[in-house]
Amino acid sequence: MDILKVRDAADVEQVVQATLANEQPLEILGHGSKRAIGHASATNAVLDMSALDAIVSYEPNELLLTVGAGAPLADVLSLIDSKNQHFAFEPMNSAKLLGTGHDAGTIGGMLAAGFAGPRRVKDGGARDHLLGAHAVSGFGETFKTGGKVVKNVTGYDLCKLLCGSWGTLAVMTEVTLKVMPRPESQRTLVLLGLDDVTAVRAMTAALGSPYDVSGAAHLPASVLRDTDSRLTEIAGGKALTLVRLEGIAASVKHRAGSLTTTLATYGAADVVDDDVSTGLWPLVRDVTPFAADGAFGTRPVWRIVCPPASGGKLGQGLAGDTGGDVLYDWGGGLIWAALPADSDAHAALVRGRAEAVGGHATLVRAPETLRSTVDVFHPPQSGVAALTQRVKHSFDPKNILNRGRMTRGTTP
Amino acid sequence: MSIKMPVPDAGVLGRREEIITALRRIVPGEGVISSAAEMVPYESDALNSYRQPPMVVVLPNTTEQVAQVLKYCHDNGIRVVPRGSGTSLSGGSLPLADAVLLGMGKFKRIREIDFDNRVVVTEPGVTNLAISQAVAHAGFYYAPDPSSQIACSIGGNIAENSGGVHCLKYGMTTNNVLGCEIVLITGEILRIGGKAPECSGYDLMGVITGSEGLLGVVTEITVRILQKPETARAVMAGFPSVESAGECVARIIAAGIIPAGMEMMDKPATAAAEAFVNAGYPLDVEALLIVELDGPKVEVDELILRVDAIARECGQTTCQISNSEEERLLFWAGRKAAFPAVGRISPDYICMDGTIPRGRLAEALTRIRELSEKYQLRCANVFHAGDGNLHPLILFDANLPGEMDSAEAFGADILRTCVELGGVLTGEHGVGVEKRDLMPEMFSDIDLAQQQRLKCAFDSQGLLNPGKVFPTLHRCAELGRVHVHAGKLAFPELPRF
């Protein structure tokens with residue numbers, strides 16, 4: 001394998017130009033923490049972005065951060081944490097799920113994957129926080145899009161396309177992100193023993209209330225097998241429904257009281273405050289019950305996004321009919337499903353049912369052999385598929401960048 | 001009109017009658033308007049210094065009709081200009097002499113309200129405010145609130161990625177839209193996203209939002225709705241200098257407070273607003289800041305005190321805190337009426353829309369003052385202070401020879417200043433025709449080429465809304481050519497139309 005360790009954006013441009021001349025595909029790599037997601041890249045040339053790790057500027061008062069795409073996410077998070085700020089979309093660390101150690105990867109990888117955590121229900125996803133980018137297209141040209149201000153409508157918002165494009169459109173070299181003040185305090189309402197459908201109903205009531213819920217997750221008892229996990233401990237053998245409130249202390253206390261009343265029909269909620277609450281949500285965010293080294297470690301894992309209110313029935317049905325296990329985030333709008341291994345990871349069933357409610361499914365964890373026969377990303381309907389191809393072509397006409405990562409069996 | 005638009009296609013103009021007949025076949029009855037008198041209301045949008053009668057106006061009722069109109073235009077090489085309510089401040093729906101003006105005003109139905117999924121599915125001609133009104137009985141609202149919300153359509157909001165005073169906390173249109181049905185220029189009908197919190201594959205919804213009618217015509221939209229905050233209160237603080245008011249804004253943010261709205265007005269804007277609505281604004285301050293907090297009462301009451309304390313530290317000279325809903329609305333009345341208020345003290349005005357890094361505010365206002373002297377034109381400034389979005393209002397009299405040109409040149413210099421200070425040309429009004437020729441101030445030829453390549457993926461013949469956003473038209477074949485050599489792409493110099 002040919003690893004090209006670039007030093008700066010000019011190097012990236014040169015490498016892409018060179019590979020373009022040879023029509024040689026290029027795999028774009030940060031730390032490789034999410035390398036096992038998607039189809040294996042059809043190449044042996046790797047562009048290593050990890051040296052583009054500069055913190056270019058951080059202006060807490062402007063809520064702005066500009067960094068090299070290779071900057072380690074962990075370092076960036078601790079930097080902004082020092083000013084009581086955070087990425088409001090709560091980026092997921094997929095290392096435990098994928099069994100790749102602890103490394104949360106780079107900022108570029110975080111954006112290219114665009115996996116947001118529980119706070120997506122309130123503050124949006126990665127795509128809502130990328131304000132500007134410099135990137136090298138598959139034309140071998142450096143372009144910029146967006147800007148270094150929070151409010152901007154000048155030209156097409158190409159940042160949106162870059163988020164979640166898995167490096168197939170352009171190589172981001174430098175990005176400007178919106179950072180937000182970290183909430184001063186948080187509490188979590190805990191409901192025990194609800195079935196999936198009822199739990200989603202309770203979360204729907206919470207999210208439809210005026211109490212500004214910033215997380216709503218449900219973990220059936222069957223997924224809480226890790227005896228060391230705080231989640232298992234709190235659940236005490238029952239299904240666990242969690243609803244988070246954040247803000248200034250007085251407000252959180254007030255809302256926790258009001259929401260407990262709102263949810264009374266679903267049971268008497270326990271309220272856990274800061275210390276315990278802050279420990280729970282990263283476990284949900286990172287889908288630790290399905291960790292690669294845990295009880296479900298050998299199962300393929302799907303990430304299903306659907307209209308939140310339909311999540312309970314969809315998840316319960318999938319679990320029941322496959323003998324698999326599911327857990328819910330985003331009030332039911334995100335289902336993580338660890339289904340028993342099967343020739344196609346139950347792809348037809350999962351995708352058919354997700355589509356039936358207006359959702360879609362990504363096979364986030366599966367052995368490479370399985371990924372070579374099952375589409376990892378949800379195949380779009382024909383018109384959108386054609387448009388998607390034209391959009392890809394408009395950034396990368398020779399299909400140089402991460403060829404085949406998102407589309408199985410892609411040829412140039 | 002001082003901007004050049006694409007040269008009308010004489011061949012298309014020569015076939016006008018045939019085109020009108022064909023359109024009438026697709027949209028029967030009164031849906032095709034072709035008499036000069038009846039087309040007058042469509043000659044301009046809210047940027048009304050630019051006017052152009054369209055070739056013909058078509059007002060379809062159904063997605064199928066939109067698809068057939070677009071397919072017909074595509075197959076016959078006819079340009080199309082989409083239009084919502086016509087409230088664009090950047091000329092986004094300015095007609096072309098040889099183009100079909102496609103009005104979406106008949107798409108006025110809200111199709112579905114889904115409280116459980118917290119979404120509304122609506123047709124694009126529904127006004128922004130009507131969405132909030134339709135869900136108000138259940139305590140919900142649609143967050144983005146452009147000041148034209150009584151009139152502007154949600155389809156137009158998608159095209160422009162509209163903002164509003166509350167977007168600091170609640171985001172712009174793009175952060176509140178989940179999906180759409182879109183018709184491409186070929187007549188193909190696609191569904192992008194839906195009620196799920198994010199779409200699969202590339203975020204096409206994200207790039208359609210704010211694309212100013214150049215990528216497709218949206219015929220259905222799914223937006224997110226939120227529960228109305230329990231309460232809202234506002235602080236109105238006067239400062240002896242723009243610098244001290246700017247410092248106050250920075251410290252509020254630094255203290256971890258994201259207000260629902262944070263607006264600043266300079267002395268001329270405050271005076272004009274006060275004369276118009278008698279809101280009780282102090283007239284002896286250099287800058288007036290309105291900070292609104294919303295949420296549960298206990299939270300708002302505490303944050304109001306924190307904001308007030310910060311404002312004191314920053315040297316506020318006057319301060320009022322709203323103690324009732326009436327008082328809060330009164331604080332806003334002047335700010336919300338700032339544009340018409342300025343209209344009363346000047347025969348004409350244009351409103352600019354640059355964004356700057358918040359920290360450069362004082363510098364920006366100093367530069368604007370200098371330009372005001374240079375051009376000998378008055379200028380009043382209102383400012384979405386929380387997100388750095390500046391709206392200088394340039395006052396002039398179009399009846400005085402040369403004054404309109406001076407005002408436009410002044411405006412262009414302000415936007416250049418914004419870019420120079422690290423900002424951008426437009427925060428919420430869009431590029432349209434107004435800022436089209438300033439795009440190279442912010443973007444290189446390569447940056448613009450990449451955006452135009454994306455346009456080609458949606459509209460390979462450049463038939464949808466040409467002459468907007470991009471200063472130079474390029475053929476898609478030329479943009480798509482790969483130049484394999486070191487160094488910059490050899491970019492042929494094309495004449496600007």
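This is a predicted model: local features need pLDDT of at least 70, side-chain atom pairs count only at pLDDT 80 or more; totals for chains, interfaces and linings use all residues.
Local features need pLDDT of at least 70 and side-chain atom pairs count only at pLDDT 80 or more, whereas totals for chains, interfaces and linings use all residues. Residues are numbered from 1 along each chain as its sequence is written, with chains lettered from A and ligands numbered from 1 in the order in which they are written.

Within chain A, S5 (residues 64–68) and S9 (residues 170–178) share five bridges in the antiparallel sense, and Thr66(A) has Thr176(A) of S9(A) as its bridge partner.

Helix H7 of chain A (helices are DSSP runs of H or I, at least four residues) covers residues 196–207. Its end C-alpha atoms are 16 Å apart, which agrees with the 16 Å that twelve residues should span at 1.5 Å a residue, the expected span being 1.5 Å times one less than the number of residues. Buried residues (20 or more other C-beta atoms within 10 Å of their own, with C-beta atoms placed from the backbone) of H7(A) include Asp196(A), Met203(A) and Leu207(A).

Turning to the contact (C-beta atoms, placed from the backbone, within 7 Å), 73 residues come from chain A and 78 residues from chain B. On the side of chain A, H7 and S8 are among the elements that give two or more residues, while H14(A) gives the most, with eight residues.

Key: A residue is buried if 20 or more other C-beta atoms lie within 10 Å of its own, exposed if 12 or fewer, and partly exposed in between; C-beta atoms are placed from the backbone. Two residues are in contact if their C-beta atoms, placed from the backbone, lie within 7 Å. Two strands pair if DSSP finds at least two bridges between them.
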